[in-house]
Amino acid sequence: MLEEYAKKRDFEKTSEPPARGVEKSSDKPVFVVQRHDATNLHYDFRLELDGVLKSWAVPKEPPDSAGIKRLAIQTEDHPLEYADFEGEIPKGEYGAGKVEIWDKGIFELQKHNEKEIAMTLHGEKLEGDYVLIRTKYGKEGKGWLFFKKKTD
């Protein structure tokens with residue numbers, strides 16, 4: 001599951017964590033949003049699912065209120081250890097630039113299938129019901145919409 005992650009990195013040069021096979025972060029699954037100042041500033045949204053961090057690159061700051069939709073491009077799975085990663089990925093390495101945790105917390109999964117992931121996030125900045133919906137845009141079905149649901 002993490003072959004693509006490992007293939008893109010030289011762990012002799014980057015301080016990113018190699019996959020060590022951690023199976024679960026805690027009793028409750030975690031999510032993390034990392035502000036990634038790489039070639040283009042973006043946010044990496046990661047959800048603990050199926051023993052890995054499923055990951056999406058979000059070009060703009062994640063929505064903290066309903067009515068704002070963000071593009072989210074699915075990227076390779078990351079190891080669970082990545083939820084705590086902050087640091088500088090060296091120039092010349094994949095994803096070079098500064099990575100810092102923008103938000104982190106736990107979540108409750110409401111729905112998970114090929115086209116939709118619905119969850120309740122409990123973070124410092126992101127709190128409430130959020131949805132990822134796969135779109136027909138983007139290469140190989142990797143384009144998603146990420147938004148906060150309206151509360152009744």
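Trainee: Leaving aside neighbours within four places in sequence, what is histidine 36 in contact with?

Mentor: In this predicted model, histidine 36 is in contact with Leu41, His42, Asp44, Ile89, Gly95, Ala96, Lys98 and Val99, once its neighbours within four places in sequence are left aside.

Trainee: Is histidine 36 buried or exposed, and why?

Mentor: Histidine 36 counts as buried because its relative accessibility is 8%, and the cut-off for buried is under 20%.

Trainee: Which strand is histidine 36 found in, and how many residues of S1 are buried?

Mentor: Histidine 36 belongs to strand S1, residues 30–37, and S1 is mostly covered, with six of its eight residues buried.

Trainee: How many bridges join S1 to S6, and how many join S1 to S2?

Mentor: S1 and S6 run antiparallel and are joined by eight bridges, while S1 and S2, also antiparallel, are joined by seven bridges. S1 and S2 form a hairpin, with three residues between them.

Trainee: Switching to pockets, which residues lie nearest the centre of the largest one?

Mentor: Of the 16 residues that line the largest pocket, His36, His42, Asp44, Tyr94 and Gly95 lie nearest its centre. The space in that pocket is about 210 Å³, and strand S2 (41–49) and strand S4 (69–78) each supply at least two residues of the lining. By class, the lining has six nonpolar, five polar and five charged residues.

Trainee: And what lines the second largest pocket?

Mentor: The lining of the second largest pocket includes Leu49, Asp50, Lys54, Trp56, His112, Arg134 and Trp144, and its residues divide into four nonpolar, three polar and four charged. About 160 Å³ of space lies in this pocket.

Trainee: What about the largest nonpolar core, which residues have the most contacts inside it?

Mentor: The largest nonpolar core has 19 residues, and those with the most contacts inside it are Phe45, Leu47, Met119, Leu121 and Leu132. Elements giving two or more residues to this core include S1, S2, strand S3 (52–58) and strand S6 (97–112), and the largest share, four residues, comes from S2. Apart from this core lies another, of ten residues, among them Tyr5, Val32, Leu80 and Ile89.

Trainee: Which residues is leucine 132 in contact with?

Mentor: Leaving aside neighbours within four places in sequence, the contacts of leucine 132 include Phe45, Leu47, Trp56, Met119, Trp144 and Phe146, and also Lys115 and Glu116.

Note on methods: Residues are numbered from 1 along each chain as its sequence is written. This is a predicted model: local features need pLDDT of at least 70, side-chain atom pairs count only at pLDDT 80 or more; totals for chains, interfaces and linings use all residues. Side-chain values use heavy atoms; hydrogens and water are left out. On a 1 Å grid over the protein atoms alone, a cavity is a set of points where a 1.4 Å probe fits but cannot get out, and a pocket is an open set with protein on both sides within 12 Å along at least five of seven lines; lining residues have an atom within 4 Å of a point. Grid points are joined across faces, edges and corners, and a volume is the space filled by probe spheres set on the points. Ala, Val, Leu, Ile, Met, Phe, Trp, Tyr, Cys and Pro count as nonpolar, Asp, Glu, Lys and Arg as charged, and the others, Gly among them, as polar. Buried means under 20% relative accessible area, exposed over 50%, partly exposed in between (1.4 Å probe, protein chains only). Contact means heavy atoms within 4.5 Å. A nonpolar core is a set of buried Ala, Val, Leu, Ile, Met, Phe, Trp, Tyr and Cys residues joined through side-chain atoms within 4.5 Å. Two strands pair if DSSP finds at least two bridges between them.
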